[in-house]
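This note is written for a colleague who is meeting the structure for the first time. Please read the points below beside the sequence and the model.

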Amino acid sequence: QTTQARIVRGRLLVERGHIQRDAAHFTAAFPLLADSPREAAAAAVLVGDGLAGEERLNWYEEARTLLTHWLADNDADAWAHDELARVHSRLGDEHRRAGEMEASHEQHSVCLRLIESLAGSDPTNRTWQRNLAVAAEKVGGIELQLAAAERDPDRAGKYRQQAAARLERSSEISARLAAWDRSRPQWTREAASTLADLGALRIT
């Protein structure tokens with residue numbers, strides 16, 4: 001098969017996997033998309049989403065590696081930056097579920113930096129702005145957990161300060177989004193929820 005034929009077949013398998021909701025198609029598509037790193041990375045994420053534990057982490061790491069290498073020569077690819085941010089968020093969520101809070105914090109912090117760059121490049125992109133609010137809220141929530149578990153008062157205080165800054169930023173962005181589009185009440189709820197978390201933090 002030619003490279004293009006393999007890629008086309010891989011795309012068809014991905015499409016079939018979505019239609020039939022069968023992750024086996026994503027797994028079969030992955031090697032066929034080897035010459036299209038962006039699509040291979042997206043397939044790896046789909047495979048990982050259907051797994052659990054170490055296997056899921058391994059597929060997410062595969063996607064991270066592919067996207068990182070791709071971006072080394074294609075830094076202007078906004079989609080790849082956005083997808084890489086999502087991969088780091090997934091990795092962070094997995095570490096958090098496993099109780100590995102330092103590792104989760106590291107992954108979500110990378111996600112936040114990537115989204116900050118995207119949102120800064122186009123402040124009118126509401127999807128990126130919302131993603132920034134969500135990412136900041138996630139990092140802040142993890143920092144609150146790290147503060148609660150930290151025995152060193154100075155380190156705990158630093159985590160709380162960082163968390164307060166993240167939550168305040170998240171709330172401000174969510175409030176701005178809600179003002180932009182009143183037809184999306186979830187944005188107003190998200191702003192109120194983050195404000196409540198911030199208020200509770202200040203009380204403590």
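1. Basis of the note. The model is predicted, so local features are reported at pLDDT of at least 70 and side-chain atom pairs at pLDDT 80 or more, while totals for chains, interfaces and linings use all residues. Residues are numbered from 1 along each chain as its sequence is written, and side-chain values use heavy atoms, without hydrogens and water.

2. Overall fold. The chain holds nine helices and zero strands; helices (H or I, at least four residues) and strands (E, at least two) are DSSP runs, numbered from the N terminus. In sequence order the pattern reads α-α-α-α-α-α-α-α-α.

3. Burial and surface. Of the 204 residues in the chain, 41% are buried, that is, under 20% relative accessible area with a 1.4 Å probe, protein chains only. The chain exposes about 11100 Å², of which carbon and sulfur atoms supply 50%; the areas come from the Shrake-Rupley method with a 1.4 Å probe.

4. Contacts along the sequence. Among contacts (heavy atoms within 4.5 Å) with a separation of 6 or more, 53% are between residues 24 or more positions apart.

5. Nonpolar core. A nonpolar core is a set of buried Ala, Val, Leu, Ile, Met, Phe, Trp, Tyr and Cys residues joined through side-chain atoms within 4.5 Å. The largest one has 39 residues, and Leu33 and Val87 touch the most other members. Helices that each supply at least two residues of this core include H1 (3–20), H5 (78–97) and H8 (153–180). Apart from this core lies another, of five residues, among them Met101, Leu146, Ala147 and Tyr159.

6. Surroundings of Leu33. Leaving aside residues up to four places away in sequence, Leu33 touches Ile7, Gly10, Arg11, Val14, Glu39, Ala40 and Ala43.

7. Helices H3 and H4. The axes of H3 and H4 lie 8 Å apart at an angle of about 165 degrees; axes are lines fitted to C-alpha atoms, for helices over the stretch in contact, with angles from 0 to 180 degrees between N-to-C directions. H3 is therefore roughly antiparallel to H4, a term for angles over 145 degrees. Residues making the contact include Pro37, Ala44 and Asp49 of H3, with Arg56, Trp59 and Trp70 of H4.

8. Helices H6 and H7. The axes of H6 and H7 come within 9 Å and cross at roughly 155 degrees. H6 is therefore roughly antiparallel to H7.

Definitions and conventions
Buried means under 20% relative accessible area, exposed over 50%, partly exposed in between (1.4 Å probe, protein chains only). Angles under 35 degrees count as roughly parallel, over 145 as roughly antiparallel, 65 to 115 as roughly perpendicular and the rest as oblique.
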